[in-house]
Amino acid sequence: MDPKKKPFTFMHCYLEFVKYPKWELRELEVSHKKQKKKSDASPGVSAAAIIDDDLSVSSKMLEREEAPSGTKHEKEARKGKIPMSDSSSCKLSLQSVWAQKQEKDEMKEASKSARYAQVIELQKEKVALKKIDVELKQFEIDERVMLVDTSGMNTLQKQFYEGKQKEIIARRQGMSDTNQALQLQSFSCPVKTSPTPPRSNRSPRAGSGAAPGHDPMLSGDQDLPDGIGMARLAWTRLPTADGAPPEGSASTSAAQDELFVGAVESLDYEVIENYAYREEQAQRSKFWVPYYIMLKWFFALLIGVGTGLAAIFINLAVENFSGWKFTLTFKIIQHSYFVGFLVYILLNLALVFSSVYIITQFAPAAAGSGIPEIKGYLNGVDTHGILLFRTLVGKIFGSIGSVGGGLALGKEGPLVHTGACIASLLGQGGSAKYHLNSRWVQIFESDRDRRDLVTCGCAAGVAAAFRAPVGGVLFALEEVTSWWRSHLMWRVFFTSAVVAVVVRSAMNWCNSGKCGHFGAGGFIIWDISGGQEDYSYQELLPVAIIGVIGGLLGALFNQLTLYITKWRRTYLHKKGKRVQIFEACLISLITSTVSFVLPLLRKCSPCPELEANSGIQCPHPPGTDGNFVNFYCSKDNEYNDLATIFFNSQDDAIRNLFSAKTFHEYSAQSLITFLVMFYSLAVVTFGTAVPAGQFVPGIMIGSTYGRLVGMSVVKFYKKLNVDEGTYALLGAASFLGGSMRMTVSLCVIMVEITNNLQLLPLIMLVLLISKAVGDFFNEGLYEEQARLKGIPLLDSRPKQIMRNMSARDACKNQKVVCLPRVSRVVDIISVLRSNNHNGFPIVDRGQNGEQLVIGLILRSHLLVLLQSKVDFQNTPFPCGPGVLNRHNFSDFVKPPSSKGKSIDDIHLTDDELGLYLDLAPFLNPSPYIVPEDMSLAKVYNLFRQLGLRHIFVVPRPSRVVGLITRKDLLLEVMSHEDGDIATTELQSTSSSPER
């Protein structure tokens, strides 16, 4: 034994081995050596026997030994601190001490082995999940190879891709058995209605089915043996706004992941009426409803003011940057056109570089117009990142750089996205990440309330962009929303009116010259009220031709942008941020070169004779807006018609094309040249990593060929009072109708921005024709872009094939993942890790032992419960009513600017994994259900109109509890004789003879 160790205490006896006589220690050493020799000499002797002999010798020695003299025990006993003990009380049995130590060691080893077994099981589960993830990534890559079109390739490329496709087919055929083994683990449960059936309604998205526990829009059929479920799961990892490859793909680097918006997720527009929600509703006072309504109107006011101020800032910055750029360029070209060309290119390049750098490094979700993403949000699909504070900042400053840099795009689409971001940030009380939040306004916690605010923001963006409040309301109603109420229309109209007032006030203030180069322009309003006052039936044919041209060019524009965006997504944007920056800068160089060099190749024309009171000056002074631009002209009274629309800001160019009483200002050659070049630039520019709108480029393209048709009409009908600017307006409407497929809202917007109500019938005719022609070839621009970005939009009406399908057909191959009412925590963790479903049916046993579905619980709610841990219990029995006080309804609200919780964020100990959790207080006890034989078209309409996320498909119910009619949903207010007013329900169905 080590003599340096502290005294060993046992039953008030102190054995200080350092006080033992040296002969006894030597005797112990001799004994150990003898035992060792004995064991060496006798290999058959067991180690246990040697230990027993050793312990017996030591025990005998200690039995002979009394408490050594001079020990601490004896000294304290002499002093009277402790009683003297005889030698027998100090005798120790090392045999018993050793046995106790051995028993403790065995218990420790057993506990350690159990923990090791659990760790190994968890590691096996992680390895299995990782293997499945690798399989999904490989399947995603194989699908891309299988979809490659080899018709336009050379022989080597064709042989390469065909060989790869054959390898993939052979590998899939050989791994058919393995694919079944790799299916995600789930267990099926029969779906039976409880004695009190849930509300009946609403169905899944077409083609994907809607099983309980299945997010019909996102999770996919993962248990199909043919790999279709894995394909759907792979496609839920969706690209970003700039068309980047899916997140998590094998070819995606960590740097590119930052550019991704992330996977989409369905929104919960349905009210989850669990116990926490009902308790919160019961605790609200009678003043809460008026306060709630007043706060909605106050927020509508704030959204209007904020969007108007953002639009003012963007327009002031764009107009001043453009004005300084053109003024400096015109001053330099007076001395050297080459130096002016270099300065012009560098200025545009600097602005575009600032825009693309902000987008790629700071706010990747701000790329593009943002309208497809906002349309998807209002349709029930949330794409992470589209409503963040940094997205708002990137949208504002990125639009200034891209539009001020002269690219063939506009700022109107980004303004719609800007208004939506402002509305969302106000609804959530600001941004918690940047410490710009306030808790007193955090009352709009549901997705339903936030959806209404975002709708107001969209309308405010259109009203600010075009100074068209009524057009903004109709745009939100027709184009972006799939849910509308009369109360919402009032608030949207109020928001648009506030925007119009703010914008008009800013314009009146800028008319005094306090806004630099802004002046009276900037906000898009092209007054042509002084143009053509009437039209004849003979002009209907040219108007119809304009409509057909607009439909054809609009459909072609949609298809070309779709192809180019796919190409960017496949080859360019997967290579990183530097390639995106280089692409935008290269397009800026091309655009600047075209807009500067092409006017140099055009001969100047003499100024026409103008009326004295027309207010038109030819040529207009350099650096100012006007119709006639003196660019590379030898004489002072000449102008360059191509430079008038090319070497100018887009707003001034549109104003020039719309101008009335300017006959023969443009030649046909100049208009055709501008149409071809600008159309090509708009197709190539759309889809780059900058904020890009298509309203203004579409107006410029349409007004160009519209003015060409107007010139032909003037030449053919010489006696008619025809104005070329009128046909430019009709051409702009036709192209927007053929590309975006809007009718009512676009018609009102065009009337509001031109201040000419007399042309309303012609605009309506052009829009109807262009939309009909465009629909014959493809879908609208926003629908095509939303599909390309993987946003699953539900159209306004179901497909024709759905009328011949039932709800059972949509979900016949699904396995429903259910959870018992009282579930073990480890089982819940396993279910959440093994699949990506966002809703799970909760089952319980009835009185007769049958299995009943008692409700639906969301994945996000399960994660909240697992993270809080306050509801864990030791017994597998239902909990009491005390659980209601542990959570508020706001605890389960997902922040709109966050991805929410993930299963990877949950960290539990081994003891917590063995506990239980009662899910009954947190589930939705009344989910919507439909019978399995209901028409899928009918289910589709219910699903879209109610904005649901999940729906139960159940067998035909065996009995009817009651029947609700219109009278059961009305309340009759009856006045009694004593003056009191009582509210009573009408008679029930069973007692009403009228039915």
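**Exercise 1.** Are Phe341 and Phe596 buried or exposed? Determine also how their rings are arranged in this predicted model.

*Solution.* Step 1: Phe341 is buried, and Phe596 is buried as well. Step 2: the two residues form an aromatic pair, with 5.2 Å from centre to centre and 50 degrees between the planes. Step 3: an angle under 30 degrees would count as stacked and one over 60 as edge-to-face, with the rest counted as tilted. The pair of Phe341 and Phe596 is therefore tilted. Step 4: Phe341 belongs to helix 11 (residues 337–361) and Phe596 to helix 19 (residues 577–600), so the pair links distant parts of the chain, 255 residues apart.

**Exercise 2.** Classify the ring pair formed by Phe646 and Phe674, and locate both residues.

*Solution.* Step 1: the ring centres of Phe646 and Phe674 are 4.9 Å apart. Step 2: their planes stand at 75 degrees, so this pair is edge-to-face. Step 3: Phe646 is found in helix 20 (residues 641–646), whereas Phe674 is found in helix 22 (residues 668–685); the two are 28 residues apart. Step 4: Phe646 and Phe674 are both buried.

**Exercise 3.** State how many aromatic pairs the structure holds, and identify the members of the aromatic cluster that includes Phe341.

*Solution.* Step 1: the structure holds 22 aromatic pairs. Step 2: one aromatic cluster is formed by Phe326, Phe330, Phe341, Tyr344, Phe596 and Phe647.

**Exercise 4.** Identify the residue whose charged end sits over the ring of Tyr269.

*Solution.* Step 1: the residue is Arg451. Step 2: its charged end is 4.1 Å from the centre of the Tyr269 ring.

**Exercise 5.** Find the disulfide of the structure and describe its geometry and location.

*Solution.* Step 1: the count comes to 1 disulfide. Step 2: Cys604 and Cys633 form it, with their sulfur atoms 2.0 Å apart; the cut-off is 2.5 Å. Step 3: the angle about the S-S bond is -90 degrees, and the link is left-handed. Step 4: Cys604 lies in the loop between helix 19 and strand 7 (605–606), and Cys633 in the loop between strand 7 and strand 8 (638–639), so the pair ties together parts that are 29 residues apart in sequence. Step 5: Cys604 and Cys633 are each buried.

**Exercise 6.** Decide whether Cys585 and Cys747 are buried or exposed.

*Solution.* Step 1: buried means under 20% relative accessible area. Step 2: Cys585 has 13%, so Cys585 is buried. Step 3: Cys747 has 6% relative accessibility, so Cys747 likewise counts as buried.

Technical notes: Residues are numbered from 1 along each chain as its sequence is written. This is a predicted model: local features need pLDDT of at least 70, side-chain atom pairs count only at pLDDT 80 or more; totals for chains, interfaces and linings use all residues. Side-chain values use heavy atoms; hydrogens and water are left out. Rings of Phe, Tyr and Trp (its six-membered ring) pair if their centres lie within 6.5 Å; planes under 30 degrees apart count as stacked, over 60 as edge-to-face and the rest as tilted. Helices (H or I, at least four residues) and strands (E, at least two) are DSSP runs, numbered from the N terminus. Buried means under 20% relative accessible area, exposed over 50%, partly exposed in between (1.4 Å probe, protein chains only). A charge sits over a ring if NZ of Lys or CZ of Arg is within 6 Å of the ring centre and within 35 degrees of the ring normal.
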